[in-house]
Amino acid sequence: GCHYDSELFSAVCKKYSVPTLCLHHGWPALIHTRFINMGYDYYITWGRHFVNLWKIYNPCIKFIDAGYLGEISTNTKSKSGIAFFFQGPLFIIDEKLIKLMADFAIHCATKYSNRIIYIRQHPEFRLSRTIINTMVQLPNIQFVDNLKISELFSYSLIGVGVFSTTLIEGLAHDTIPFIFNITSWPNYYPDLNKLQQGIEVKCIEEAQNKIDKLINNEDGVTDSIQSNIK
């Protein structure tokens, strides 16, 4: 609902007294101005907790909770992979951060050679040819741009992203959110790390340390997070 053409459409409808409805499709963990005071009359959300989160910034909209609308896969394959959800250079993300996240993916592929590392590029942005050429040299890295998102989650124990919708969406699939927040941004919204429903890191050393604890279930950290998610 944040795209300018949607807001223009809503404004025209309002002029002619035509009610407008927006359908919750993604989650803006980074609440920028286009998600504040949106012009729709109704908004159908993934659930009542999202109603509370949205309403803080949009007090005039009537919210209706309908539940998560995506497919939940019943795939029984081993859920041991690590999925990397890349985004484009937007807001707090720049080319340097994208390269750093790619290096982290390569680190994981090298250290955990018995696990599949899934790379999903953003539909509106592609990784550089240099990064792709390096990644494809590793046999356990798979590019999965065309794989159904529910199927990808069914293979993935951990989902890595900066402020991607897929981080919180993964909760519906029992995939642990790993927030790669090597930025000046305070934290993912809502704070999944504080809620003990995910991991958020602020530097590459912390990322490498905490992914290792998850992979090895050190001190039962993985079991604890998965229990909180459920």
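Me: How much space lies in the largest cavity?
Reply: This is a predicted model, in which local features need pLDDT of at least 70 and side-chain atom pairs count only at pLDDT 80 or more, while totals for chains, interfaces and linings use all residues. Residues are numbered from 1 along each chain as its sequence is written, and side-chain values use heavy atoms, leaving out hydrogens and water. A cavity is a set of points, on a 1 Å grid over the protein atoms alone, where a 1.4 Å probe fits but cannot get out; its volume is the space filled by probe spheres set on the points. The structure holds one cavity of 30 Å³ or more, and the space in the largest cavity is about 50 Å³.

Me: Which helix gives the most to the lining of the largest cavity?
Reply: Lining residues have an atom within 4 Å of a point, and here they are Phe-85, Phe-86, Gln-87, Ile-93, Leu-97, Ile-98, Met-101 and Val-162. They divide into seven nonpolar, one polar and no charged; Val, Leu, Ile, Met and Phe are among the nonpolar types. With three residues, the most comes from helix α3 (residues 95-111; a helix is a DSSP run of H or I, at least four residues).

Me: Which strands are the edges of the six-stranded sheet?
Reply: The sheet is open and parallel, in the order β6-β5-β4-β7-β8-β9 (strands are DSSP runs of E, at least two residues). Two strands pair if DSSP finds at least two bridges between them. Pairing on one side only are β6 (141-143) and β9 (199-201).

Me: In β7, which residue is the bridge partner of Ile-82?
Reply: Strands β4 (residues 81-85) and β7 (residues 156-161) pair in the parallel sense over four bridges. In β7, the partner of Ile-82 is Ile-158.

Me: What angle does helix α8 make with β8?
Reply: Helix α8 (residues 221-229) packs on the sheet and touches β7, β8 (176-180) and β9 (contact means heavy atoms within 4.5 Å). Axes are lines fitted to C-alpha atoms, for helices over the stretch in contact, and angles run from 0 to 180 degrees between N-to-C directions. For α8 and β8 the angle is about 110 degrees.

Me: How many residues apart are Trp-27 and Tyr-189?
Reply: Their ring centres lie 6.0 Å apart with planes at 20 degrees, so the pair is stacked (centres within 6.5 Å, planes under 30 degrees apart). Trp-27 is in the loop between β1 (21-23) and β2 (42-45), and Tyr-189 in the loop between β8 and β9.

Definitions and conventions: On a 1 Å grid over the protein atoms alone, a cavity is a set of points where a 1.4 Å probe fits but cannot get out, and a pocket is an open set with protein on both sides within 12 Å along at least five of seven lines; lining residues have an atom within 4 Å of a point. Rings of Phe, Tyr and Trp (its six-membered ring) pair if their centres lie within 6.5 Å; planes under 30 degrees apart count as stacked, over 60 as edge-to-face and the rest as tilted.
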